[in-house]
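Subject: Structure handover

Hello,

Here is the structure I promised to pass on. Please open it alongside this message and follow the residues as you read.

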Amino acid sequence: MPADALKKKILVVDDEVSILQMVTDILEDEGFGVETAADGPSALARLGEALPDLVLLDIWMPGIDGLEVLKRIKQEWPFLPVVIMSGHGTIETAVKATKLGAYDFIEKPLSYEQTILTIKNALQFRDLEEENVLLRQKAVSHRTLTGESPAMQALKEQLALVAPTDAWVLIQGENGTGKELVAQTIHRLSKRNHRALVEVNCAAIPEELIESELFGHEKGAFTGATTMKRGKFDLANRGTLFLDEIGDMSLKTQAKILRILQEQRFERVGGSRTIQVDVRIIAATNKDLEAEIEKGNFREDLYYRLNVIPIHVPPLRERTEDIPLLVAEFLAEYGRETGRGPLEASPEVLQALQDYDWPGNVRELRNVVERMVILSRGPVLTLEGLPPAIRRHTPAETPWADVDDFKAAKACFERAFLQRKLDENGRNISRTAKAIGMERRHLHRKIKALGLEV
């Protein structure tokens with residue numbers, strides 16, 4: 001990454017060449033990147049290309065004045081801080097600029113110290129706004145990789161080494177293994193975690209729209225493009241771009257992606273100006289890309305560009321010892337969401353889940369647990385709640401299979417039946433008695449005689 005890649009960039013707008021030069025020198029001495037514009041229309045055109053972190057805007061300019069430019073900036077880039085400067089400052093003008101969304105107002109002739117202090121305060125305020133947005137996102141969707149199996153321990157160790165670098169990563173694994181969660185973990189542990197993680201599902205975007213989604217488009221670029229739109233690469237600047245299902249891109253789009261990945265610059269659809277970005281790429285696929293290359297469906301040069309650090313996410317059938325931890329995590333989540341309190345799975349259910357092959361991996365397991373929670377009456381999930389496809393994998397043995405005496409077999413059946421019904425009804429005797437059509441006193445005597453747990 002270039003040394004100046006993370007410089008804050010400022011767009012200075014003023015019709016006086018001497019002011020532009022003076023302010024440029026001041027800001028560059030302070031380590032900022034600087035773009036300039038001599039009037040309002042030029043400033044509005046430069047915004048979409050330069051992607052500045054702040055605008056330093058003169059009020060009195062020919063044609064479109066600063067207040068009108070400010071109004072238009074806030075319509076399209078509401079979170080972009082704007083500092084107004086004027087040689088004819090009045091309280092009325094300052095109040096009007098503030099109402100239109102200006103961060104602050106400074107007077108000419110500019111004071112070096114005041115200008116730098118105001119700019120730094122405005123940038124810090126914007127950083128705090130972005131940080132708050134990111135914290136809210138993390139609070140909503142913060143998930144971690146669950147599992148202590150050897151396969152998961154190896155994966156976590158690999159992520160701990162890779163995440164703090166800027167190396168590009170290619171995540172491969174079957175559907176439902178958690179590739180998106182791995183990408184989120186890499187970003188969270190990276191140096192870019194204060195910026196956005198922008199996710200793109202390459203399989204979900206129609207081919208004719210994917211360029212517009214990734215690169216953005218200019219106003220009037222095509223029918224329906226009534227405003228300029230920033231693309232995913234724009235939005236991920238200084239952050240991370242996650243290209244999910246990369247193997248489903250057309251060869252035409254792959255060629256364009258390759259050029260942008262190599263140069264980190266692009267043009268919007270319908271535009272001619274080059275936009276420079278600094279983006280870390282994480283890609284994911286459920287396909288064997290080497291096999292796709294052999295078939296002519298995937299570009300070999302793109303594969304080698306993406307495959308700097310390959311990461312394999314193991315399928316659930318290769319880490320079945322993690323299933324009890326995953327089930328406990330899902331049950332805790334659904335218990336909170338439904339307000340039902342603590343939920344648990346019986347040992348028989350956990351064994352059945354571990355015996356199953358899980359072609360849909362963790363996603364399928366989550367769906368099965370959610371279904372069992374919805375259909376169960378008590379706090380303990382039992383075998384009856386399992387889908388038939390999974391239940392077929394459970395042993396057909398019964399507790400009385402090896403008992404020859406009829407009376408002993410009957411007692412075994414009663415014990416197993418009543419214990420299961422008690423579990424389904426939260427070990428509540430009255431509720432269980434009602435469910436099975438037995439008087440409460442009779443059930444209580446049976447429980448005592450059979451030595452059941454209540």
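Below is what was found, grouped by topic. Please keep in mind that this is a predicted model.

**Salt bridges**

Let us begin with charge. Side chains of opposite charge can pair when their charged atoms come close. The structure holds 23 salt bridges.

Start with arginine 317 and glutamate 174. They form a salt bridge, and their closest N and O atoms are 2.4 Å apart. Arginine 317 sits in the loop between strand S14 (309-312) and helix H13 (323-338). Glutamate 174 sits in the loop between strand S6 (169-172) and helix H7 (179-188). The pair therefore ties together parts that are 143 residues apart in sequence. Arginine 317 has 35% relative accessibility, so it counts as partly exposed. Glutamate 174, at 30%, also counts as partly exposed.

Next comes a pair within one helix. Arginine 259 bridges to glutamate 263, with 3.7 Å between the closest N and O atoms. Both lie in helix H10 (residues 251-263). They are 4 residues apart there, so about one helical turn separates them. Arginine 259 is partly exposed, with a relative accessible area of 35%. Glutamate 263 is partly exposed too, at 38%.

Glutamate 292 forms a salt bridge with lysine 295, and the closest N and O atoms are 3.6 Å apart. The two residues are 3 apart in helix H11, about one turn of the helix. Lysine 295 is exposed, with a relative accessible area of 58%.

There is also a network. Salt bridges link Asp14, Asp58 and Lys108.

**A negative patch**

Stay with helix H11 for a moment. On the surface, Asp288, Glu290, Glu294 and Glu300 gather in a patch of negative charge. Glutamate 290 belongs to helix H11, which spans residues 289-295. Its relative accessibility is 48%, so glutamate 290 counts as partly exposed.

**Aromatic pairs**

Now the rings. A pair of aromatic rings is described by the distance of the centres and the angle of the planes. The structure holds 7 aromatic pairs.

One of them joins phenylalanine 215 and phenylalanine 233. Their ring centres are 6.0 Å apart and their planes meet at 35°, so the pair is tilted. This pair links distant parts of the chain. Phenylalanine 215 is in helix H8 (residues 207-215), and phenylalanine 233 is in helix H9 (residues 232-235). The two are 18 residues apart. Phenylalanine 215 is buried, with a relative accessible area of 4%. Phenylalanine 233 is buried as well, at 0%.

Tyrosine 356 and tryptophan 358 form an edge-to-face pair. The distance is 4.7 Å centre to centre, and the angle between the planes is 85°. Both residues, tyrosine 356 and tryptophan 358, are buried.

Phe215, Phe233 and Phe266 are linked by ring pairs.

**Backbone details**

Three backbone spots deserve a look.

What is the form of the peptide bond from lysine 108 to proline 109? That bond is cis, with omega near -5°. Proline 109 is in the loop between strand S5 (104-107) and helix H5 (112-141). Lysine 108 has come up already, in the network with Asp14 and Asp58.

Glutamine 264 has a phi near 55°, a positive value in a residue other than glycine. Find glutamine 264 in the loop between H10 and strand S11 (265-266). Glutamine 264 is buried, with a relative accessible area of 12%.

Asparagine 361 also has a positive phi, near 60°, and is not a glycine either. Its place is in helix H15 (residues 361-375). Asparagine 361 is buried, with a relative accessible area of 0%.

**One more distance**

Go back to helix H10, where isoleucine 260 is found. Isoleucine 260 is buried, with a relative accessible area of 1%. How far apart are isoleucine 260 and asparagine 175 in space, C-alpha to C-alpha? They are 28 Å apart, and 85 residues apart in sequence.

That is the handover.

Best wishes

Conventions: Residues numbered from 1 in each chain as written. Predicted model: local features only at pLDDT ≥ 70, side-chain atom pairs only at ≥ 80, totals over all residues. Heavy atoms only, no water. Patch = residues over 30% accessible without salt bridge, like charges linked within 9 Å, V, L, I, M, F, W, Y side chains within 5 Å. Areas by Shrake-Rupley, 256 points an atom, 1.4 Å probe, with all protein chains shown as cover. Salt bridge = Lys/Arg side-chain N within 4 Å of Asp/Glu carboxyl O. Lys, Arg positive; Asp, Glu negative; His and termini not counted. Charge placed at Lys NZ, Arg CZ, Asp CG, Glu CD. Buried < 20%, exposed > 50% of the residue type's maximum accessible area, 1.4 Å probe, protein only. Phe/Tyr/Trp six-rings, centres within 6.5 Å; stacked < 30°, edge-to-face > 60°.
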